[in-house]
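Okay, everyone, I'll take a few minutes for this one. Have a look at the slide first, and then I'll walk you through some local features.

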Amino acid sequence: MTGYRVNSLDQKKTTSAAVSPYERLQALGIDLPPSPPPIANFVTHVQEGNILYLSGQGPREVDGHLHAGKVGAEVDVDSAYQHARLTGINLLAVMHDALGDLGRVKRIVKLLGMVNAVPDFEEHPRVINGCSDLLMDVFGEAGSHARSAVGFGSLPGNITVEIEAIVALHD
């Protein structure tokens, strides 16, 4: 993944309440990219009260390259996991732009993870774990969320994954 350095965090750092999401990102070697622009007639997010709804994001690199292909055919599960992780980084970039501070996140409430997969593919949850694992690393317990991980016959631009999120905010 061009432009991203991803390392594992020490477990003590991920569970410490004193560590900010930005410190966790830094420990992971992740620099947030600019928020990806919408690809059609929609906005990247909507805030209603203390809930932030994030539109679906895909595996877009900083240079604009979108990872495409069918998972279970030309894209393997490990690569798709990394694409879901990259998609999570893009969701974080949108959150940062929307909120100005990731410290405002009270909890990641729900993810919908869509996998562009061949009909007999069965490992959708393993793919979307790429995003879920990242959110747990960045937000600790507040990153624990409800989730759906489902297969689709196609996604826009033939991207490998698309993920949307619902986020609760501090008052």
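**A loop, a network, a helix pair and a patch**

Let's start with N158, which sits in the loop between β4 (146–152) and β5 (161–169). Strands here are DSSP runs of E with at least two residues, helices are runs of H or I with at least four, and both are numbered from the N terminus.

Quick housekeeping: this is a predicted model, so local features need pLDDT of at least 70 and side-chain atom pairs count only at pLDDT 80 or more, while totals for chains, interfaces and linings use all residues. Residues are numbered from 1 along each chain as its sequence is written, and side-chain values use heavy atoms, with hydrogens and water left out.

Back to N158: what is its phi? It's near 60 degrees, a positive value in a residue other than glycine. Most residues other than glycine have a negative phi. N158 counts as partly exposed, at 34% relative accessibility; buried means under 20% relative accessible area, exposed over 50%, and partly exposed in between, with a 1.4 Å probe and protein chains only.

Next, salt bridges, meaning a side-chain nitrogen of Lys or Arg within 4 Å of a carboxyl oxygen of Asp or Glu. How many does that rule give? The count is two. In one of them, R126 pairs with D78, with the closest N and O atoms 3.1 Å apart. R126 is in helix α4 and D78 is in helix α3 (residues 77–99), so this pair ties together parts that are 48 residues apart in sequence. R126 also bridges to E123, where the closest N and O atoms are 2.7 Å apart. Shared partners join D78, E123 and R126 into one network. As for accessibility, D78 is exposed at 51%, R126 is partly exposed at 41%, and E123 is partly exposed at 33%.

Staying with α4 (residues 124–139), it packs with α2 (residues 21–28) at an angle of about 120 degrees, their axes 7 Å apart. Axes are lines fitted to C-alpha atoms over the stretch in contact, and angles run from 0 to 180 degrees between N-to-C directions. The contact (heavy atoms within 4.5 Å) involves P21, R24, L25 and L28 of α2, and L134, D137, V138 and F139 of α4.

Last one: V43, V46 and Y53 make a nonpolar surface patch, with about 260 Å² of accessible area together. Patch members have over 30% relative accessible area and no salt bridge, with nonpolar side chains (Val, Leu, Ile, Met, Phe, Trp, Tyr) joined within 5 Å and like charges within 9 Å; areas come from the Shrake-Rupley method with a 1.4 Å probe. V46 itself is in strand β1 (residues 45–48) and is partly exposed at 42%.
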